[in-house]
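Subject: Structure for your files

Hello,

Here is the structure I said I would pass on.

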Amino acid sequence: MSGKTAMVTGITGQDGSYLAELLLDKGYEVYGLVRRVSQPTSGRSLINHLLTHEKFHLVNGDLADQNSIDNAVAQSQPDEFYNLGAMSFVPESWRSPMMTADITGLGALRCLEAIRKHAPHCRFYQAGSSEQYGKVRDVPQTEATPFHPRSPYGCAKVFAFEITRNYRESYDMFACTGILFNHESPRRGLEFVTRKVTMTAARIAKGFDECLWIGNVDAKRDWGFAGDYVKAMYLMLQQDEPDDFVVATGETHAVSEFVELAFEAAGIDDWERYVKIDQRFFRPAEVDLLVGDASKAKEQLGWEPQVSFRDLVTMMVDHDLELEKSKLG
């Protein structure tokens, strides 16, 4: 068992919950940073099963508040810090660009400052995103591909990436970024297009809905399983030297392919009959094609994705079919 301590922001989200499970299995003491709220929220449902674990702790903190992060780091003295917290829903970043810049961008800087001041021995992982590439210049995208973000979210992630690299070079900190391409799971929030598709397919199959309203079905993404991707995060902080890594499957699929497989998994033929395009769901500036080259992660980390695209979609649909079945009694 490791005997190490880790702090995780974004602990209540998809990645945070999978990472917490991984770290606890390895014997870590895990501190999850959460915003204090006056009433409990359903947002903690993904980690409810961990709340009774003797090595799992929730501490109050806010990525918008330097003092709270300082206090959390000073008190817990983590060996590893995983910054997964962000305003992560890309469409919302156009509606709330300043909040996105503050939480997703400056939040990373606040974490780095807290570590620099209170736990300089701590290793830092920053959750990067394929959205940093945006209007891509190379296909596939590697660690050397220039960034051209096409959303406030992508811009904030580029700042977080650059400030992480700057602190690594300026203060000799063990700080690295994982440039993660799209990764999904049954724990993905319902506002995300992938979970919207799988849930709607399940609801149509059970007779609760009649159609799927969606935006650009021609956009192409590189989709993997979140449970695989958190293993790459962990491996990055176990290396001798800090570095940045692309984490991806190397396969690209159109949104329409995702929809087709989801409806197939739900037992529905002729998926196009149920899909309606709504211009409200199109982005102001679209990212048309994202596909990553994770050769460096494979060679240096020994990491490879284990769950295929088809298996990922089927896993999500099966989960949502069970949810809808439970509503029928």
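The model is predicted, so please read everything here as computed from it.

Sheet. The order E3-E2-E1-E4-E5-E6-E11 describes an open sheet of 7 strands, with parallel pairing. At its edges are strand E3 (56-60) and strand E11 (245-247), each of which pairs on one side only. From one strand to the next, the twist averages 25°. Within the sheet, strand E1 (residues 5-9) and strand E4 (residues 80-83) run parallel and are joined by 4 bridges. For a point of reference in that pair, Ala-6 has Glu-80 in E4 as its bridge partner.

Helices. Helix H4 (residues 97-118) lies across E1, E4, strand E5 (123-129) and strand E6 (175-180). Its direction is at about 170° to E5. Helix H7 (residues 226-236) lies across E4, E5, E6 and E11, and runs at about 160° to E6.

Lysine. Lys-157 is located in helix H5 (residues 152-171). Is Lys-157 buried or exposed? Lys-157 is buried, yet it has no salt bridge. Asp-15 is the nearest side chain of opposite charge, and it is 8.4 Å away, whereas a salt bridge requires the side-chain nitrogen to be within 4 Å of a carboxyl oxygen. Leaving aside residues up to four places away in sequence, Lys-157 touches Ala-86, Thr-104, Gln-126, Ala-127, Gly-128, Ser-129 and Gln-132.

Regards

How values were computed. Residues numbered from 1 in each chain as written. Predicted model: local features only at pLDDT ≥ 70, side-chain atom pairs only at ≥ 80, totals over all residues. Heavy atoms only, no water. Helix = DSSP H or I, 4+ residues; strand = E, 2+ residues; numbered from the N terminus. Buried < 20%, exposed > 50% of the residue type's maximum accessible area, 1.4 Å probe, protein only. Lys, Arg positive; Asp, Glu negative; His and termini not counted. Contact = heavy atoms within 4.5 Å. Pairing = 2+ DSSP bridges. Axes fitted to C-alpha atoms, helices over the stretch in contact; angles between N-to-C directions.
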